[in-house]
Amino acid sequence: MQNEKKNEETAVVLKAVTGAVKKAVSEAMTEQKRQERQKALYNTRKLMESYIEMQTFLHNAISEEREVQNTAFFVFGGENAKLDSIRKSKMKTAMMIANIDRAMEELKREHEQKGTAYKFEAFRMHYVDGIAYEEITETLNCGKNSPSAWSKLILKQMSVKLFGINGIDRF
């Protein structure tokens, strides 16, 4: 009888511990997914904030001997001299720019179809043209917080187009 009672108590404790562990694991997984989504949104914002500089890098970075006009380089440079790290960086940057441009084209079309092209235009003006929100407000004749709110909306949409399911806010 006493063994049965101990076994019942052990079973109750085991069930409670198992439930607590399942709940903790579930919460940890949910938190991890939330952090991944936040990271994707953060990365999207950082990419867009750096868009102009990345474009400049692509046009100005020297990675091949034929791109150099400097006489000192020809003294020290060998045949087909290259900076592989710069070449790799240029390639990664070019690929990301291509993905960003593709995503922006898709978003532009989607917003034109919805009749909300002005939202995309505010986003483009800010991140691609480097125009301050205050000036966008005057250009688009809208409320002072609207360009920022619209840009945040477009960033969320772009995050999904760049990072897939990790970019979805609530999944």
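**Exercise 1. In which helix does Thr 137 lie? Describe its surroundings.**

The model is predicted: local features need pLDDT of at least 70, side-chain atom pairs count only at pLDDT 80 or more, and totals for chains, interfaces and linings use all residues. Residues are numbered from 1 along each chain as its sequence is written, and side-chain values use heavy atoms, with hydrogens and water left out.

Step 1. Thr 137 belongs to helix α6, residues 133–140. Helices are DSSP runs of H or I with at least four residues, strands are runs of E with at least two, and both are numbered from the N terminus.

Step 2. The relative accessible area of Thr 137 is 15%, so the residue is buried. Buried means under 20% relative accessible area, exposed over 50%, and partly exposed in between, with a 1.4 Å probe and protein chains only.

Step 3. Apart from its neighbours within four places in sequence, Thr 137 is in contact with Cys 142, Gly 143, Lys 144 and Pro 147. Contact means heavy atoms within 4.5 Å.

**Exercise 2. Describe Asn 141.**

Step 1. Asn 141 is found in the loop between α6 and α7.

Step 2. With 70% relative accessibility, Asn 141 counts as exposed.

Step 3. Most residues other than glycine have a negative phi. Phi of Asn 141, however, is near 50°, a positive value.

**Exercise 3. Describe how helices α4 and α5 pack.**

Step 1. Two packed helices are described by the angle between their axes and the distance between the axes. The axes of α4 (residues 84–114) and α5 (residues 117–127) come within 7 Å and cross at roughly 150°. Axes are lines fitted to C-alpha atoms, for helices over the stretch in contact, and angles run from 0 to 180 degrees between N-to-C directions.

Step 2. The angle makes α4 roughly antiparallel to α5. Angles under 35 degrees count as roughly parallel, over 145 as roughly antiparallel, 65 to 115 as roughly perpendicular and the rest as oblique.

Step 3. On the α4 side the contact is made by Met 104, Leu 107, Lys 108, His 111 and Glu 112. Ala 117, Lys 119, Phe 120 and Phe 123 make it on the α5 side.

**Exercise 4. Classify the ring pair of Tyr 118 and Trp 150, then that of Phe 120 and Phe 123.**

Step 1. Rings of Phe, Tyr and Trp (its six-membered ring) pair if their centres lie within 6.5 Å; planes under 30 degrees apart count as stacked, over 60 as edge-to-face and the rest as tilted. The count by this rule is 3 aromatic pairs.

Step 2. The centres of the Tyr 118 and Trp 150 rings are 4.9 Å apart and their planes stand at 70°, so this pair is edge-to-face. Tyr 118 lies in helix α5 and Trp 150 in helix α7 (residues 146–163), so the pair ties together parts that are 32 residues apart in sequence. Tyr 118 is partly exposed at 38%, whereas Trp 150 is buried at 16%.

Step 3. For Phe 120 and Phe 123 the centres are 6.0 Å apart and the planes at 40°, so the pair is tilted. Both residues lie in α5, 3 residues apart, about one turn of the helix. Phe 120 is buried at 5%, and Phe 123 is buried at 0%.

Step 4. Ring pairs link Phe 120, Phe 123 and Tyr 127 into a cluster.
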